[in-house]
Amino acid sequence: MPRVGISLGDVSGIGPEVTALALARPAVRRALVPVVFGDGPTLEGFPLFRRFPRVPLEELGRTTGPAVVEVTRLAQKHRVPGKPSREGGRAQYAYVRAAIDAMRAGTVDALCTAPVSKEEISRAGIPFMGHTEVLADAFGVDVLMMMDGPRVRIALATNHVPISALPKLLTVEKLVAQLQLLSRSLEPVVGRKPRIAVLGLNPHAGEGGMLGREEVEVIGPAIRRARAKRVDAHGPIPADGLFARPDEVGAKYDVVLAMYHDQGLIPAKALDFERTVNVTLGLPVPRTSPDHGTAYAIAGTGTASCVPMMEALLKAARLSRGPGAGASPGPRRPPTGR
């Protein structure tokens, strides 16, 4: 079975409880061997994790079974459910960095990240825009965020950026590279070159330039250039028209490339919130995440659903065994080494 690393996320959120619940499911136990990177005292509060051996990060390669890598030992006041802290912000980032070290060392076959708080990590003095950006930096590759749901897959041309920055961030070269990465990553999954729907940026895909020039000057040329490189891309397509009949999207296209965060995540979450998994394409090791946040309001109440975490863990295990989906290296660029 593949060994899946799990970064615990914010211990004041629902990450620890949904991870414990998901790992208790028989389907998950049959699919993977978990390695949890997190906080010792928090994990000791769950009977399941008390049974896992504590293994130092540098000795992880000498073991093969389930393990806990104790990255922090937070004081009680810094791990209260529903009450995030700056210490907790530093800790959740440290779990991700420890998991990255294990990915580099080859001691985990995939990574599944429990939800973190960008705000709390930033308040702790660590510049942080999201897991996707940190992983791209760490491995020196260009990556693509894709929401992989049972009815539709939606990738994002841009991630966590202001709307005002979009016109400058969308370039022909960037979109062509992303379309090639999408095609390369999904071809082993669908068994042929995937059919990609490319959304426009503006209402009605710009109405031929009347409502914006990005479709005419950037998105359209990128599609034509990608098609010349044997990518099966189509568009620009108005987002409202495409998602008006969601059941037809998955039948006609293998994946949709959205231009910005909400354009892609709103339909992905509306169509199937619990079973849609965030997959990072372009990394040397597959990475997945549940499609929800820290949910401080219900942390510690026992009401959080573990289905999204379970789906993310199962997806990580499948991708680690698969013919390349989620693990196709993107264009190299210098890693930061942070």
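## Briefing: cores, helix packing and selected residues

Of the 92 residues in the largest nonpolar core, those that touch the most other members are Leu 23, Phe 37, Leu 182 and Leu 313; a nonpolar core here is a set of buried Ala, Val, Leu, Ile, Met, Phe, Trp, Tyr and Cys residues joined through side-chain atoms within 4.5 Å. Buried means under 20% relative accessible area, exposed means over 50%, and partly exposed lies in between (1.4 Å probe, protein chains only). This is a predicted model, in which local features need pLDDT of at least 70 and side-chain atom pairs count only at pLDDT 80 or more, while totals for chains, interfaces and linings use all residues. Residues are numbered from 1 along each chain as its sequence is written, and side-chain values use heavy atoms, with hydrogens and water left out.

- A second, separate core has 17 residues, among them Ile 154, Leu 199, Ile 237 and Val 256.

**Helix pairs**

- Two packed helices are described by the angle between their axes and the distance between those axes; the axes are lines fitted to C-alpha atoms, for helices over the stretch in contact, and the angles run from 0 to 180 degrees between N-to-C directions.
- Helix 1 (residues 15-23) packs against helix 14 (residues 307-321) at an angle of about 60 degrees, with the axes 8 Å apart, and the two are therefore oblique to each other; angles under 35 degrees count as roughly parallel, over 145 as roughly antiparallel, 65 to 115 as roughly perpendicular, and the rest as oblique.
- The crossing of helix 1 and helix 14 is right-handed, a crossing being right-handed if the near helix is turned clockwise from the far one by less than a right angle, and left-handed if anticlockwise.
- In this pair, Val 18, Thr 19, Ala 22 and Leu 23 of helix 1 meet Met 309, Met 310 and Leu 313 of helix 14, where contact means heavy atoms within 4.5 Å; Leu 23 and Leu 313 are also among the residues that touch the most other members of the largest core.
- The axes of helix 9 (residues 172-190) and helix 10 (residues 214-228) come within 8 Å and cross at roughly 40 degrees, in a right-handed crossing; residues of helix 9 that include Leu 175, Val 176 and Leu 179 meet residues of helix 10 that include Ile 219, Ala 222 and Ile 223.
- For helix 5 and helix 7, the axes come within 11 Å and cross at roughly 40 degrees, and this crossing is right-handed; among the residues that meet are Tyr 93, Val 96 and Ile 100 in helix 5, and Val 134, Leu 135 and Phe 139 in helix 7.

- Pro 236 is in strand 8 (residues 233-237) and is joined to Gly 235 by a cis peptide bond, with omega about 0 degrees.
- With a relative accessible area of 26%, Pro 236 is partly exposed; not counting residues up to four places away in sequence, the residues that Pro 236 touches include Leu 199, Ala 205, Ile 219 and Ile 223.
- Ala 205 is 31 residues from Pro 236 along the chain, yet their C-alpha atoms are separated by 6.2 Å.
- Ala 205, in the loop between strand 7 (196-199) and helix 10, is buried, with a relative accessible area of 13%, and has phi near 50 degrees, a positive value in a residue other than glycine.
- Arg 230 has a positive phi, near 70 degrees, and lies in the loop between helix 10 and strand 8, where Arg 230 is exposed, with a relative accessible area of 61%.

- Thr 132 lies in helix 7 (residues 131-139) and is buried at 2% relative accessible area; leaving aside neighbours within four places in sequence, Thr 132 is in contact with Val 143, Met 145, Asn 159, Thr 280 and Arg 287.
- Thr 294, in the loop between strand 11 (287-290) and helix 14, counts as buried at 9% relative accessibility; with the neighbours within four places in sequence left aside, the contacts of Thr 294 include Asp 10, Ile 14, Pro 115 and Ser 117.

**Cysteines**

- A disulfide is taken as a pair of cysteine sulfur atoms within 2.5 Å, and by this rule the count comes to zero.
- Cys 112 is in no disulfide, and the nearest cysteine sulfur, that of Cys 306, is 12 Å away, which is too far for a bond.
- Cys 112 counts as buried at 0% relative accessibility, and Cys 306 is buried with a relative accessible area of 6%.

Note on methods: Helices (H or I, at least four residues) and strands (E, at least two) are DSSP runs, numbered from the N terminus.
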